Amino acid sequence: MTKLPNGPKTPALLQLIQWISDPLNYLETNAKQYGDMFTANMTGFPPFVMVSHPQAVRELFTADTQQFDAGRTNNLLGSLFGDRSIVMLDGDRHKRERKLLMPPFHGERLQTYAQSISNIAHKIGSQWQKNKPFIVRQAMQEITLEVIIQVVFGLKEGERYQQLKPLVTEMLDSLSSPFEASFMFFKFLQKPWIPGSPWRKMKQATKKIYALLAAEIEDRRNHPELMGDDILSLMMVARDEAGEPMSDQELKDEMMILLVAGHETTATTLAWAFYWVHHLPEVKNKLLEELANLGENPNPMTMAKLPYLSAVCQETLRIYPVGLLTFGRITNSPVSIMEHEFDPEIMLAGCIYLTHHREDLYPNSKQFKPERFLERQYSAYEFYPFGGGNRLCIGYALALLEMKLVLATILSNYELNLAPNQTVKPERRGFTLAPSGGVKMIMQGQKVTTKELVNVGG
Ligand code: HEM
C-alpha cells in the first residue's frame, strides 16, 4: 500500500468531532503542521486527503473523470434527500443528468430571471419595519427560496407554492447548530424514533415535501398545459438513449436536491455579504458610489456587471466559502497528484477554505479586501468557491447573479445597519459555514428616488 500524506494522529472519532464543532480550527491547525496535503482520519470516512495547493487542485479537477467517483462520497446527503439525484451519480448517468440540468441555469435563460430576482428582493425588503431588528440570513433565505421555486418549478403562487416554502425552511433549520448538524455525521443518531431529534424533524419535513413534489408531478402528467420551461417540466419530457423517461423517484430526488443546494448556500453567502459591507464603511461607501453612477432604475443585467459589486461578491465567497471542501473524489484506480501516488479507494478533496487563505495568493487573507479581485485575476484552481471539473456547481451563475442583484437592489433602496452588541463568527450550519446568529440588522429608512421626490412635491 502506498504511503498517504501525513496527517493528525488523534483518534478518528475525536477528529470527526473537531471537524463538526470547529472546522476552521481543524483545517488551519493541520495545514500549519502538515502543509498543502494532509490525511484526515474521521470515523465513517475512508482515508481522506485534503489538498490546498493550486497545482493539486488543478490535477484533481482536470483528471480523467473515470479516475474518480464523487457521487458515492455523498451518501450523507443521499440518506436525507434521496439517492437518485445528480450529486449521488457517477459516470455516464452523471454526465447525462448534468447535460439535462445545465441549460436552465445558464446563458439567456438566466437573464430572464434577473427582473424576478430584483422584484423578489424589493418585495421582501418592503416587509421590513423601520428600526425593528431582523435576521438578515432569514430574509435572504426567503428571497433565494422564492427564486429557486420559480426557476425549478415555475411556481409563483398557489397553494402548493405556499406549502412548500415553510417546509423547506423547517427542514434546513433542523440542522442550524453544530450540535444539530452532528446528526448527519453519526449513523446511530439517525433514528426517526428519537423524539424531538433534528433527524426526526428533518425526516418529517422531507416526507411532506416529497408528497408535494409527487402531487405536482402527477398534476403535470394529467394536465400537460401546466408544463412550462421550468426545470421540472424539462426533466419530465427528457428521454435517455433507450427512450425511457426519468422515474418519479428520480424526478423527486432531483427536485429535492435542487431545492436544498439552490437556496441555502446562496442565502448564507448573501448574509455574509451584508455583514461585510456594513461592517466596513469604506466598502459600503465605494459600493454605493458605484451603484449611484448607474442612475435610476438601472437594467438588472447592467447592475450585475459592475466591477466593484462583483469583487465584493467574490471576496465574500473567498473569505468564508459556504462549502469548506469540494465533494470528495474517491480514486477508482491508482492516481498521481503532485507526484504523490494514491491507491484505489482513497478520498481526496480540494480544501476551498485553505486555498482561499494561502498567503502567497491572498496576502493578509483574513482581511476583507474586494480590491484583490480588481488587481489580479485568479485561476480556477486558486479561487474555486463553486468547486470545479466535472462536478462544478450547476447553479454558480444563478448564485452569482442573485448575490449581485439582491445586494444592489437592497443597498440602493434601504438604509441598513448592523444591530449593536453582536459578535459574528463563522459557525457550522449543516454542511455549510454560516455567520453565527444569522447577522442581526436594522432597517433605518427607505431611500427616496428623485422621481419619487418630484411626485411627492406634486
Ligand atoms: C453561493 C452559492 C453556492 C455555492 C457556494 C455552491 C457551492 C458548490 C460546491 C462547492 C459544489 C461541489 C463542487 C465540486 O465538488 O467540485 C456544488 C455542487 C453543486 N451545486 Fe452548488 N453552490 C451554490 C449554489 C447553488 C445553486 C443556486 C444551485 C442550483 C440551483 C446549486 C446546485 C448544485 C448542484 C446540483 C451540485 C452538484 C453538481 C454535480 O454533482 O455534478 N448550487 N456547489
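**Group meeting: a walk through a predicted model**

Let's begin at Pro-370, which counts as buried at 0% relative accessibility. Here buried means under 20% relative accessible area, exposed means over 50%, and partly exposed is in between, with a 1.4 Å probe and protein chains only.

A word on the ground rules, everyone. This is a predicted model, in which local features need pLDDT of at least 70, side-chain atom pairs count only at pLDDT 80 or more, and totals for chains, interfaces and linings use all residues. Residues are numbered from 1 along each chain as its sequence is written, and side-chain values use heavy atoms, with hydrogens and water left out.

Back to Pro-370, then. You will find this proline in the loop between helix 16 (352–355) and helix 17 (372–375). Helices (H or I, at least four residues) and strands (E, at least two) are DSSP runs, numbered from the N terminus. Which residues does Pro-370 touch, not counting residues up to four places away in sequence? They are Val-283, Tyr-308, Ala-311, Val-312 and Glu-315; contact means heavy atoms within 4.5 Å. Ser-310 is 60 residues from Pro-370 along the chain, and their C-alpha atoms are separated by 8.6 Å.

Now another proline. Pro-104 sits in the loop between helix 5 (91–101) and helix 6 (107–125), and is buried with a relative accessible area of 1%. Leaving out residues up to four places away in sequence, Pro-104 touches Arg-109, Tyr-113, Ile-231 and Leu-234. Tyr-26 lies 78 residues from Pro-104 along the chain, with 38 Å between the two C-alpha atoms.

Moving into a helix, please look at Thr-268, in helix 12 (residues 248–279). Is Thr-268 buried or exposed? Buried, with a relative accessible area of 0%. Beyond residues up to four places away in sequence, the contacts of Thr-268 are Arg-137, Val-322, Leu-433, Ala-434 and Pro-435.

Glu-339, between strand 6 (335–337) and strand 7 (340–342), has a positive phi near 65° without being a glycine. Glu-339 is exposed, at a relative accessible area of 77%. Asn-421 is in the loop between strand 9 (414–418) and strand 10 (426–429). Its phi is positive too, about 55°, although Asn-421 is not a glycine, and at 84% relative accessibility this asparagine counts as exposed.

Let's zoom out to the whole chain. How many helices and strands does the protein chain have? There are 19 helices and 12 strands. The radius of gyration is 22 Å, close to the 23 Å that the globule rule gives for 458 residues, so the chain is as compact as a globular protein of that length. That radius is taken over C-alpha atoms, and the rule is 2.2 Å times the number of residues to the power 0.38. Buried residues make up 54% of the 458. Among contacts with a separation of 6 or more, 73% come from residues 24 or more positions apart.

Finally, confidence. The mean pLDDT of the chain is 88, and 92% of its residues reach 70 or more; pLDDT is the predictor's confidence in each residue, from 0 to 100. Over residues 453–458 the pLDDT is below 50, and beyond near neighbours in sequence this stretch has one contact in the model. Where pLDDT is low, the predicted coordinates should not be read in detail. The model scores ipTM 0.99 and pTM 0.92.
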